[in-house]
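Please look through the points below with the model open beside you. They begin with the ligand surroundings and move on to helix packing, overall dimensions and backbone geometry.

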Amino acid sequence: MTGSGRGVHVTGWGSYVPSQVLTNADLETMVETSDEWIVSRTGICERRIAGPGETTASMAAVAGLRAIAVAGLKPDDIDLILVGTLTPDYPMPSTAALVKDAIGNKRAAAMDLAAACSGFVYGYATAHAYIASGMATNVLVIGAETLSRCTDFTDRGTCILFGDAAGAAVLSASDEPGGTLGIELTTEPAGAYYIWLPAGGAARPATNATLAAGEHYMKMKGSETFRMAVRTLGSTSLKALEKAGLGLPDVDLVIPHQANVRIIEGLARSLDFPMERVFVNVDHYGNTSAASVPLALAEAVGSGRVKQGDRLLLVAFGAGLTSGAIALQWTADPALSARAESIGPGDVSVLPGYLEPVNPFPPALEWLLKRSAGG
Ligand code: UT7
């Protein structure tokens with residue numbers, strides 16, 4: 001266990017992905033690219049796109065409710081809800097507040113966490129601190145993103161990478177052995193403008209000029225981010241393991257942020273760690289930012305890649321540049337994944353918007369809706 005206080009274990013996990021699929025072949029019709037280029041440079045084959053009625057809060061709520069069911073808890077057993085996201089429904093109120101209402105929780109504190117793609121790992125660390133100190137017993141940590149709403153679908157350097165999804169975990173106090181063993185978080189502002197979204201904040205409020213310049217879309221220096229990612233993921237992983245008193249041979253499965261398979265392979269190479277013990281699902285979902293680690297965790301556990309007693313390393317990096325790693329010993333029964341199966345979007349309802357409803361679906365993808373509707 002890291003630090004003093006009570007043990008902290010993952011007792012629930014869950015995810016949600018929208019049904020619409022955007023393939024590499026689809027992107028070939030939109031920008032100058034090819035399936036061959038995207039697969040060889042990123043490992044991505046397809047990604048999911050949230051439908052017009054879906055938002056970060058609605059997807060987060062389904063993933064969260066699934067994680068609560070897997071944990072065998074009721075929504076009101078949750079003391080704190082943390083949502084890691086860079087695409088909140090609104091700058092305020094927090095997406096976590098909307099999620100609290102949507103899952104029917106009446107008593108939790110709720111807040112968002114801005115650490116970009118490291119948002120879930122930062123949320124895990126925050127939840128751990130609350131539980132270990134006795135301030136909370138059960139915390140719902142969610143990573144959720146609707147990146148399609150801030151992606152420039154004319155920019156081939158970014159639009160091939162990103163997708164929409166949500167993933168969640170319930171962390172609970174427990175005196176049994178195992179659970180969280182070591183945590184490391186870092187932030188390196190030297191890379192602050194490698195990945196950023198220039199307009200819409202206090203430095204550059206949204207105006208017609210920022211809109212015309214496309215400053216409401218994500219911008220990225222791809223190769224600089226790539227190099228820093230491989231270096232930071234490696235050093236953060238080693239520090240978390242050191243704090244846990246573990247070495248790399250003790251790790252059964254690494255679940256890294258799914259940004260690019262070449263970054264993941266670069267991490268494995270730099271640590272001299274076998275790829276057979278690294279979980280990869282970037283091929284199906286692309287980079288889903290804060291959702292990527294909990295989505296991969298839920299899939300790894302549900303598909304039988306994780307056994308009770310396994311030592312896992314969760315590791316992420318993102319804009320900031322933030323990075324975080326968690327070393328933990330898995331104690332929950334993976335078969336409990338089945339409890340999530342009965343829960344779907346119909347089980348949550350996000351507070352209706354106060355303003356007249358506006359379809360937030362990206363105009364560049366309107367054709368995808370027609371295809372999904374069979375038109
Ligand atoms: O969660 C964190 C978020 N960000 C990341 O993780 C991104 C990290 N970076 C990357 O994944 C990679 O840098 C990319 C996939 C974005 C780009 O791959 P790369 O191997 O670093 O390519 P590059 O940027 O060095 O570009 C190589 C060439 C360029 O053409 P020229 O200048 O050599 O003629 C690009 O214009 O590839 C071109 N290019 C493309 N070609 C076809 C860039 N994007 C595309 C594309 N299709 N989609």
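1. Which element gives the most residues to the shell around the ligand? In this predicted model, that element is α8, with five residues. Helices here are DSSP runs of H or I with at least four residues, strands are runs of E with at least two, and both are numbered from the N terminus. Residues are numbered from 1 along each chain as its sequence is written. Because the model is predicted, local features need pLDDT of at least 70 and side-chain atom pairs count only at pLDDT 80 or more, while totals for chains, interfaces and linings use all residues.

2. Around the ligand there are 20 residues, and those that come nearest are T33, R156, G222, A259 and N260. A residue counts as near if its C-beta atom, placed from the backbone, lies within 6 Å of the molecule. Two or more residues of the shell come from each of α2 (35-42), α6 (156-159) and α8 (222-244). The shell divides by class into nine nonpolar, nine polar and two charged residues. In this scheme Ala, Val, Leu, Ile, Met, Phe, Trp, Tyr, Cys and Pro are nonpolar, Asp, Glu, Lys and Arg are charged, and the others, Gly among them, are polar.

3. Helix α8 also packs against helix α9 (residues 261-271), at an angle of about 45° and with the axes 9 Å apart. Axes are lines fitted to C-alpha atoms, for helices over the stretch in contact, and angles run from 0 to 180 degrees between N-to-C directions. The two helices are therefore oblique to each other; angles under 35 degrees count as roughly parallel, over 145 as roughly antiparallel, 65 to 115 as roughly perpendicular and the rest as oblique. On the α8 side, F226, A229, V230, L233, G234 and S237 meet I263, G266, L267, S270 and L271 of α9, where contact requires C-beta atoms, placed from the backbone, to lie within 7 Å. Seven of these contact residues are nonpolar, four are polar and none is charged.

4. From α3 the contact takes T56, A57, S58, A60, A61 and G64, and from α4 it takes T95, L98, V99 and A102. By class this contact has six nonpolar, four polar and no charged residues.

5. The protein as a whole has 12 helices and 13 strands. Its radius of gyration, taken over C-alpha atoms, is 19 Å, close to the 21 Å from the globule rule (2.2 Å times the number of residues to the power 0.38) for 375 residues, so the protein is as compact as a globular protein of that length. Along the principal axes, the C-alpha atoms fill a box of roughly 55 × 45 × 40 Å.

6. Some backbone details deserve a check. Most residues other than glycine have a negative phi, and most peptide bonds are trans. The peptide bond from M92 to P93 is cis, with omega near 5°, and P93 lies in the loop between β4 (80-84) and α4. Another cis bond joins G320 and L321, with omega about -15°; L321 sits in the loop between β12 (311-318) and β13 (322-329). A116, not a glycine, has a positive phi of about 50°.

Terms used:
Contact = placed C-beta atoms within 7 Å.
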